[in-house]
Amino acid sequence: MCGIVGYIGSRNAYPILIKGLKRLEYRGYDSAGIALQNGSVNVYKKQGKVTELEEHMMGMDLSGTMGIGHTRWATHGEPSDLNAHPHVSNNGDFTIIHNGIIENYTVLRTSLIEQGYKFKSETDTEVLANLIEYIYRSQKVSAEDAVHLALSKVVGAYGLVILCNQENDKIIAARKSSPLVIGLGENEYFLASDATPIIEYTDRVIYLDNDDVAVIKRDELILKSTKRNDALKPRIQTLDLGISEIEKNGYDHFMLKEIFEQPRSIRDTFRGRLNLEKNEIKLGGLYNVHDKLIHAKRIIILACGTSWHAGLVGEYLFEDLARVQVEVDYASEFRYRNPLISEEDIVIAISQSGETADTLAAIQLAKEKGATVLGICNVVGSSISRETHAGVYTHAGPEIGVASTKAFTAQVTVLTMMAMIIARSRGLVGNERFAGLLNELEDIPEKIDKILQQNDKLKEIASIYKNVNNALYLGRGVSYPVALEGALKLKEISYIHAEGYPAAEMKHGPIALIDENMPVVVIATKDSSYEKIVSNVQEVKARNGIVIAVVTEGDDTIEKMADHVIEIPATDPVLVSLLSSVPLQLIAYHIAVMRECNVDQPRNLAKSVTVE
Ligand code: G6P
């Protein structure tokens with residue numbers, strides 16, 4: 001969702017800001033804007049893409065060695081030039097950009113209108129800009145104090161970056177529940193909502209904590225909290241991120257790059273954690289909770305979107321291998337359901353971005369009820385990784401394509417390792433079975449490589465079905481979440497309606513849709529329910545349906561029935577989702593490209609959903 005970038009130093013700010021906004025495009029947005037401070041503040045904003053803003057700014061005054069930029073994903077008010085950020089207060093004292101939502105903005109707006117303030121936009125952000133100005137003028141305090149006082153009246157979430165016209169040697173930044181990171185250069189600072197716009201300039205960063213307010217001058221950074229008045233000592237961290245990780249490196253799209261990265265990203269997920277010689281798995285982030293984990297009576301997995309699908313795979317893994325009762329819930333449902341949670345429960349929150357608002361709120365609720373909360377996150381230092389008691393990073397590297405691919409397989413890899421650890425500690429998996437699984441897990445990247453070699457064939461299948469209106473995805477057991485994920489991939493990037501279903505449930509509804517036009521993608525790999533899924537394939541064929549089957553290499557039964565078979569290498573049934581999800585990603589990708597859809601930034605979607 002919304003993205004933030006900022007710069008203060010001696011270079012021209014504009015090129016840094018515009019490039020930063022382009023780096024943030026992947027988060028999803030509908031308008032963009034920039035403010036440059038050069039004696040006075042010049043604000044430029046446009047509905048549409050960053051390139052449209054860039055064109056709009058051509059020939060304008062682009063000077064200034066400090067400035068801020070924003071990509072907006074509409075929440076309060078439609079996408080428009082007026083609603084785009086930055087927003088300027090009535091008398092021009094403050095120019096601000098904001099991620100998050102000010103929940104009590106209506107009350108604040110009404111009281112500011114009573115004080116004579118006028119509003120040009122429908123946004124909560126403009127309310128905040130005017131509130132700061134009102135306090136600044138009426139109480140005759142410094143810009144920093146005005147910000148602190150204004151934030152004490154605000155209910156909601158914010159990542160906030162502020163310019164003050166009268167105090168034009170500084171940028172003020174504040175955070176509550178919406179991330180902000182500051183990059184440190186030589187007498188210059190970079191600001192952003194995630195590290196992607198910063199890494200080409202510096203690898204030294206400070207992640208703001210909740211309630212932090214930073215006052216940043218060219219040669220000084222002072223960090224305070226809205227809770228206390230004394231200065232805090234900033235914790236400088238080194239970014240473990242290379243520029244090539246956030247560029248396309250010759251691929252047409254980030255999504256394709258990320259699909260092809262999976263052999264590498266999965267290896268990175270288990271690097272230093274699998275030890276074949278010692279026949280063990282170590283997850284350092286879980287040491288402190290190991291005992292709780294192995295004695296857990298119940299595990300509750302919370303997530304949204306693709307991460308929720310990974311959670312469903314986790315349910316099968318934990319129940320099958322570790323014999324723990326598991327519930328998987330959408331974070332958004334869990335938080336509003338008065339759920340039953342006890343201190344003996346382990347909650348696992350799964351999130352690629354580590355910033356998803358519903359997942360964060362669900363974590364808070366679980367913590368309040370006394371549960372031990374673990375995180376599985378991809379983004380290091382993200383809010384969820386900080387809010388949880390313990391956790392495991394997926395280390396898949398930055399995922400830029402909005403449709404999640406490598407993050408999903410990395411999440412499943414972590415869940416597999418966790419399930420194996422619990423299973424062994426509970427004495428449910430002996431050394432031999434453990435070693436077998438470990439070897440199979442180690443071989444997964446190589447097997448994915450083999451699947452990726454079938455890219456041309458998958459493209460050909462995609463070309464046959466690129467114009468369909470509907471598609472059905474079926475799977476059983478651990479392949480059911482794979483069906484859900486395959487359908488989601490197609491739906492989100494190609495705008496074809498697709499549904500994932502447990503194969504046996506087909507008879508209770510979707511079978512009515514089957515005809516000679518709708519492809520049915522069946523995940524029919526060899527496992528204990530193979531015979532059942534063969535029957536489901538027959539049921540589809542008996543109704544003149546089209547079957548695209550994902551099968552285990554060498555399967556000649558389904559080959560005779562299906563219209564297309566996609567072979568994947570044999571593996572332990574417990575691990576099969578790591579393989580079977582890959583061809584479905586590629587089919588969705590190719591169909592979307594052939595339909596000329598914006599694969600990396602599908603309409604209306606956001607990478608990091610920071611509002612509920
Ligand atoms: C958005 C993204 C999805 C993602 C979901 C959950 O909808 O477009 O790709 O699966 O959010 O995000 P998270 O970062 O929590 O995994």
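Start by selecting Asn-279: at 13% relative accessibility it counts as buried (under 20% relative accessible area; exposed is over 50%, partly exposed in between, with a 1.4 Å probe and protein chains only). You're looking at a predicted model, where local features need pLDDT of at least 70, side-chain atom pairs count only at pLDDT 80 or more, and totals for chains, interfaces and linings use all residues. Residues are numbered from 1 along each chain as its sequence is written, and side-chain values use heavy atoms, leaving out hydrogens and water.

Stay on Asn-279 and check its backbone: phi is positive, about 55°, though the residue is not a glycine. Asn-279 sits in the loop between strand 15 (274-275) and strand 16 (280-281); helices (H or I, at least four residues) and strands (E, at least two) are DSSP runs, numbered from the N terminus.

Next, pick Asn-187, another non-glycine with a positive phi, near 55°. Look for Asn-187 in the loop between strand 9 (181-184) and strand 10.

Now jump to the His-85 to Pro-86 peptide bond, which is cis, with omega near 0°. Pro-86 belongs to the loop between strand 4 and strand 5 (87-88). Why flag these spots? Because most residues other than glycine have a negative phi, and most peptide bonds are trans.

Last stop: helix 1, residues 13-24. Nine of its 12 residues are buried, so the helix is largely enclosed by the rest of the structure. Among the buried ones are Tyr-14, Ile-18 and Arg-23. Show strand 1 (3-8), strand 2 (31-38) and helix 2 (50-57) too, as they are among the elements covering those buried residues.

Key: Contact = heavy atoms within 4.5 Å.
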